[in-house]
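Please read them alongside the coordinates.

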Amino acid sequence: MGSTDTTRILLTGAAGRVGTQLRPLAAREGRTLRLLDITTPAAVEGSGAEETVIASLTDTEALLEACRGVSAIVHLGGQSVESTLDDVLDRNVRGTLNLLEAARLAGVPRVVLASSAHAVGFHQYDGTPVAADAPARPDTLYGWSKAAIESAGRLYHDRFGMDIICLRIGSWFPTPNGMRGLSTWLSPADGHRLVEACLSCREPGYRIVWGVSRNTRGWVSLAEGEAIGYHPLDDAEQFAPEVIGECGLPDPADPITPRLGGDWCAIPLGQTL
Ligand code: 15L
């Protein structure tokens, strides 16, 4: 569809951790962010023009209204860690399908979907960067629901021609979260660069890209992101001495160590974190 208009963007999960980090970074002259969440997003210094919609991803009428008049959607909302089957089905699978359907009915041409490294958490780094479209190998029910979200996006692209970009987000935090984070970190500034690339690239069609920074110890391919104009600048390595000092080096004999999903590959399925 190829729209690169970014004047009004719907941001779901706007009150969440990542949404809150993104809001001031994505603020710009002439752009309005329409914030959607089930709770009122906190005031954030540096935010620009914003509208707020309090609604659940289960409320199809509210979603349709929220999608009217926007040129793109950045979908961060839903369940963000492992939980029960009902939670991941309702909040992620059904919630994303509801949103995609609302976007279609409202004529929104582009949707950016937050997937996760946990959709492919059982892949293993063996020295060759893992491709952005590596087949799903979820490590949890949560990871499985993210794989389902990616394929829901594929359905809406193939059926209706919508531009759908799925982000396999590593670890979007202000600083790397432990030893694995030295490989999977996505700095907030790079997260913002990635979102802007997704919003402004021409005719992406359907694609999956990695959401990680340019980490010295990175495990995944940046080529697919570069192809849409995502050029990460940050590197978790600056935090390595501190992180190694705190966590110690991982045991190379532990089969979990090289897995992209880290210790999520071994937590009980359906456990509420
Ligand atoms: C995710 O998908 C989660 O949403 C986030 O809370 C982190 O745990 C992240 O993955 C990660 O793996 O670091």
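Which are the buried residues of helix 1? They are V18, G19, Q21, L22, R23 and A26, where buried means under 20% relative accessible area, exposed over 50% and partly exposed in between, with a 1.4 Å probe and protein chains only.

1. Basis. This is a predicted model, in which local features need pLDDT of at least 70 and side-chain atom pairs count only at pLDDT 80 or more, while totals for chains, interfaces and linings use all residues. Residues are numbered from 1 along each chain as its sequence is written, and side-chain values use heavy atoms, with hydrogens and water left out. Helices (H or I, at least four residues) and strands (E, at least two) are DSSP runs numbered from the N terminus.

2. Seven strands form an open sheet; the order is 3-2-1-4-5-6-9, and the pairing is parallel. Pairing requires that DSSP find at least two bridges between two strands. Strand 3 and strand 9 (206-211) are at the edges with a single partner strand each, so one side of each has no neighbour in the sheet. From one strand to the next the twist averages 20 degrees.

3. Strands 4 and 5. Strand 4 (residues 72-75) pairs with strand 5 (residues 110-116) in the parallel sense over 4 bridges. In this pair A72 is opposite R110 of strand 5. Helix 6 packs on the sheet, where it touches strand 1, strand 4, strand 5, strand 6 and strand 9, and its direction makes about 145 degrees with that of strand 5. Helix 4 lies across strand 5, strand 6 (163-169) and strand 9, and runs at about 160 degrees to strand 5. Axes are lines fitted to C-alpha atoms, for helices over the stretch in contact, and angles run from 0 to 180 degrees between N-to-C directions.

4. Residue I9. I9 belongs to strand 1 (residues 8-12) and is buried, at a relative accessible area of 2%. Its C-alpha is 5.0 Å from that of L33, which is 24 residues away in sequence. Neighbours within four places aside, the contacts of I9 (heavy atoms within 4.5 Å) are R31, T32, L33, R34, V70, A72, V74 and L199.

5. Helix 1 and helix 6. The cover over the buried residues of helix 1 includes strand 1, strand 2 (32-37), strand 3 (49-54), strand 7 (171-172) and helix 6. Helix 1 (residues 17-26) packs against helix 6 (residues 188-200) at about 65 degrees, with the axes 10 Å apart. The two helices are therefore roughly perpendicular; under 35 degrees counts as roughly parallel, over 145 as roughly antiparallel, 65 to 115 as roughly perpendicular and the rest as oblique. Q21, L22, L25 and A26 of helix 1 meet P188, A189, H192, V195 and E196 of helix 6.

6. Helix 3 and helix 4. The axes of helix 3 (residues 85-106) and helix 4 (residues 141-160) come within 9 Å and cross at roughly 15 degrees. Helix 3 and helix 4 are therefore roughly parallel to each other. Residues of helix 3 in this contact include L85, V88 and L89, and those of helix 4 include L141, Y142 and W144.

7. Residue T184. T184 lies in helix 5 (residues 181-184) and is buried, with a relative accessible area of 5%. Beyond four places in sequence, T184 is in contact with G170, S171, V212, N215, W219 and L260.
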